[in-house]
Amino acid sequence: MKTLDDLLAEGVAGRRVLVRADLNVPFEKDKAGVIADDGRIRAVLPTIEALRDAGAAVIVMSHLGRPKGAPDPKYTLGPVAERFGELLGNPVLFAEDTVGESARAAVEALGDGQVLLLENLRFNAGETSKDDAERGAFADQLAAFAEAYVDDAFGAVHRKHASVFDVPARLPHFAGGLVLREVEVLARLTESPERPYAVVLGGAKVSDKLAVIEALLPKVDKLLVGGGMCFTFLKAQGHEIGRSLLEEDMLDTCRDLLARGGDKILLPTDVVAATEFSADADHEVVAADAIPADRLGLDIGPASVAAFAGALADARTVFWNGPMGVFELAPFAAGTRGVAEAIMKVDGLTVVGGGDSAAAVRALGLDETAFGHISTGGGASLEYLEGKRLPGIAALEN
């Protein structure tokens, strides 16, 4: 796999370089155009700065959200271009389409050392099409803009999309530093983790994490389960879970996992149970095997945090994916904070598996540098650990 360093060694001054970034940032719910977390923009800055400073004309492309293959103002990358420019210290030009008149004119006018962001790739149906010809036609138009391609969007490498899979087949292609770092760290988790090796999983659904549980259970020393998914496990043990989140069709699967995992699997012993899904709801700490019928669990309790911290104390490798509770609501954030702080104290490799876990680290004001690695791709990191071949990585290796 050729890297950004290889491209820079070739020389990029006076050349147009197309960079696939992951700028799929979250926005404030009640403030249109206000970015809630710019972590993904910051993550790709080193690659953009290196190309810009070496004299390349840099064309950045990304998706945002899930528009239906047509322009949708709700998903414009305009506010991202503005923030991108602030972080780079120079304005980022913005094309109001992906491969149309605005994009073509902006590319033609782009000078050496300048940066241009194309509009949301998913405004074009060819980006996500399952039809090879439609996807290829869009890739042809994108590839025509540049002389080289860099993929630094690890959060998208598990998608067989035009900008990820088809464009690198049409241009000399290179892996950015972010992608290389992600692959290096995740390879350590799958190939030769230092032991004891602990995995902490949270989030809403067992079904979302089933494949990674199946893949990791034989490899880990401890599997700690929190978040909404823990209630299906507790129900599988025969416990009362009240109105907590439940995947009825996963009960047999959870029983099987518990039987196979034995004492490797650690579940909460207490939870914070509330009358409603609201920060203002009445709530109390209750035993995890006796949640009142009229309440729902929204976080793991203090005894569970202490038990999880104890289980992590001697770990040498930790992978964490998924919050322990509804951390966005203050009364239900202590579980995620407590477990995160325990992970921060681990003497070894600690990996935050992107997605909501990475968002929680920043939202809770935790020191990002206290973790060994914070992934920018939740879904991609899980699929890598499941052992799947990721289309974007395969394209770069070809």
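**Cores and a buried strand**

Let me start with Leu118. Leaving out residues up to four places away in sequence, Leu118 touches Ile59, Val60, Met61, Leu77, Phe94, Ala95, Asp97, Thr98, Ala103, Leu142 and Phe145. Keep in mind that this is a predicted model.

Leu118 belongs to the largest nonpolar core, which has 72 residues. Leu118 is among those with the most contacts inside this core, along with Leu18, Leu142, Leu223 and Phe233. Which helix gives the most to this core? That is α7, residues 177-191, with six residues. There is also a second, separate core. This one has 30 residues, including Leu7, Val44, Ala56 and Phe174.

Phe174 brings me to Thr3. Thr3 sits in the segment before α1, which spans 4-10. Its contacts, beyond neighbours within four places in sequence, are Phe174, Ala175 and Leu180. Is Thr3 buried or exposed? Relative accessibility is 17%, and the cut-off for buried is under 20%, so Thr3 counts as buried.

Now strand β13, residues 317-321. Five of its five residues are buried, so the strand is largely enclosed by the rest of the structure. Side chains in a regular strand alternate between the two faces of the sheet. Here, Thr317, Phe319 and Asn321 point one way, and Val318 and Trp320 point the other.

What does β13 pair with? One partner is β7, residues 197-201, parallel, over five bridges. Another is β14, residues 349-352, also parallel, joined by four bridges. Take Val318. In β14, Thr350 stands opposite.

β13, helix α12 (residues 334-344) and β14 form a right-handed β-α-β unit.

Key: Residues numbered from 1 in each chain as written. Predicted model: local features only at pLDDT ≥ 70, side-chain atom pairs only at ≥ 80, totals over all residues. Heavy atoms only, no water. Core = buried A, V, L, I, M, F, W, Y, C linked by side-chain atoms within 4.5 Å. Buried < 20%, exposed > 50% of the residue type's maximum accessible area, 1.4 Å probe, protein only. Helix = DSSP H or I, 4+ residues; strand = E, 2+ residues; numbered from the N terminus. Contact = heavy atoms within 4.5 Å. Pairing = 2+ DSSP bridges. Right-handed = clockwise from strand over helix to strand, strands pointing away.
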